[in-house]
Amino acid sequence: MTTRSEPAHDRSDPNLGAIMSERRQLINLAYRLLGSLADAEDAVQETYARWYTLSRAEQDAIASPGAWLTKVASRICLNLLGSARARRERYVGEWLPEPLPEPAEWTGVVVDPADRVTLDESISMAFLVVLESMTPAERVVFILHDVFRYAFPEVADIVGRTPAACRQLATSARRRIRTAQAPATPAARRADIVRDFKQAWEAKDIDALIGLLDPRVTVIGDSGGLASTSRHPVEGAEQVARGLVGLATRVRDVEFLERTVNGQPGLVAQQHGAIVTVYAFGIAEGKIKNIWAVRNPEKLRPWKSSR
């Protein structure tokens with residue numbers, strides 16, 4: 001994750017307050033578009049760099065600096081999404097979006113409160129995973145229109161397509177969302193299921209784990225080759241349960257903690273005072289259908305241990 005310095009600009013800039021107040025919105029937009037806080041920070045940094053390459057006269061001629069920044073950031077993200085597909089083909093094992101803790105639990109890596117992403121349904125791990133299945137254009141159009149409520153003519157100007165084409169892209173994206181989404185489970189019930197899962201795992205109770213898992217449950221681990229995990233999804237309740245119990249038997253001195261992961265009930269594994277894995281869950285109809293285990297240490301930097 002990058003650590004930014006302030007843009008090189010004249011600090012007497014009368015627009016500075018208004019321009020920098022857009023930072024939180026841009027970080028929120030870029031994270032949803034890219035699924036990576038590090039990439040989102042880089043995209044926003046590049047956006048501000050482009051603003052400050054403009055002359056004062058060019059800046060003053062822009063009627064809505066916020067709209068200009070959003071357009072530039074969205075276009076940068078659109079380009080990054082295209083190149084990200086090629087990068088992820090070279091990624092070791094499965095790639096998952098970067099998990100985020102509750103704002104109060106961030107480490108000092110991200111210092112600026114404006115960099116903290118607002119946690120809502122549009123950044124749940126399940127939602128971000130579906131976004132990964134979209135084309136870059138679908139993803140940008142859907143996020144801008146359906147999440148951030150930009151009108152199609154505005155979206156069309158940003159992505160360089162007609163409003164009609166953007167409507168089609170949004171329709172296609174919504175179809176992907178509907179196909180992947182399961183009926184919602186109340187938040188309190190999700191928390192209870194995750195707690196029961198934690199207790200069954202700690203007790204190495206295979207039968208209890210199987211009872212909590214959907215028969216077709218899928219576990220995906222992301223290590224980027226920097227930690228041990230299966231490079232391919234593991235499927236099936238019994239296979240997953242036995243694998244979890246085997247892991248609990250082999251690995252010592254690991255403490256599981258209930259934490260909020262991307263706004264949803266989740267778990268973290270803490271070993272020797274450091275967070276080594278973040279677990280997010282897809283839950284529907286009272287069963288765990290998906291477990292996403294992020295072990296890549298580069299994606300765990302915002303997380304801090306309980307000690």
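Before you move on, note that the model is predicted: local features need pLDDT of at least 70, side-chain atom pairs count only at pLDDT 80 or more, and totals for chains, interfaces and linings use all residues. Residues are numbered from 1 along each chain as its sequence is written, and side-chain values use heavy atoms, with hydrogens and water left out.

**Stop 1: helix H10**

Arginine 195 and aspartate 192 form a salt bridge, with their closest N and O atoms 3.2 Å apart. The term means a side-chain nitrogen of Lys or Arg within 4 Å of a carboxyl oxygen of Asp or Glu. Why are the two about one helical turn apart? Because they sit 3 residues apart in helix H10 (residues 187-202). Helices here are DSSP runs of H or I with at least four residues, strands are runs of E with at least two, and both are numbered from the N terminus. Arginine 195 is partly exposed, at 32%. Now show Glu258 too: Asp192, Arg195 and Glu258 are linked in a salt-bridge network.

**Stop 2: bridges between helices**

How many salt bridges does the structure hold? The count is 11. Side chains of opposite charge can pair when their charged atoms come close.

Select aspartate 157 and lysine 71. Their side chains meet in a salt bridge at 2.5 Å, N to O. Aspartate 157 belongs to helix H8 (residues 152-159) and lysine 71 to helix H5 (residues 65-89), so the pair ties together parts 86 residues apart in sequence. Aspartate 157 is partly exposed at 40%. Lysine 71 is partly exposed at 23%.

Next, pick glutamate 138 and arginine 176. They form a salt bridge with the closest N and O atoms 2.9 Å apart. Glutamate 138 is in helix H7 (residues 136-147) and arginine 176 in helix H9 (residues 163-180), so this pair joins parts 38 residues apart in sequence. Is glutamate 138 buried or exposed? Glutamate 138 is buried, at 5%, whereas arginine 176 is partly exposed, at 30%.

**Stop 3: the cores**

A nonpolar core is a set of buried Ala, Val, Leu, Ile, Met, Phe, Trp, Tyr and Cys residues joined through side-chain atoms within 4.5 Å. The largest has 49 residues; select Tyr31, Val141, Phe142 and Ile143, which touch the most other members. Elements giving two or more residues to this core are helix H2 (23-34), helix H3 (37-51), H5, helix H6 (125-132), H7, H8 and H9.

Zoom in on isoleucine 143. Which residues does isoleucine 143 contact, beyond neighbours within four places in sequence? They are Leu29, Arg32, Leu33, Phe127, Leu131 and Phe148. Contact means heavy atoms within 4.5 Å.

Another core lies apart from the largest one; it has 26 residues, including Phe197, Ile206, Leu267 and Phe281.

**Stop 4: two positive phi angles**

Select aspartate 253, in the loop between helix H12 (237-250) and strand S3 (254-261). Aspartate 253 is not a glycine, yet its phi is positive, about 60°. Aspartate 253 is exposed, at 57%.

Finish at asparagine 262, in the loop between S3 and strand S4 (264-271). Asparagine 262 is not a glycine either, and has a positive phi of about 50°. Asparagine 262 is buried, at 0%.

Notes: Buried < 20%, exposed > 50% of the residue type's maximum accessible area, 1.4 Å probe, protein only.
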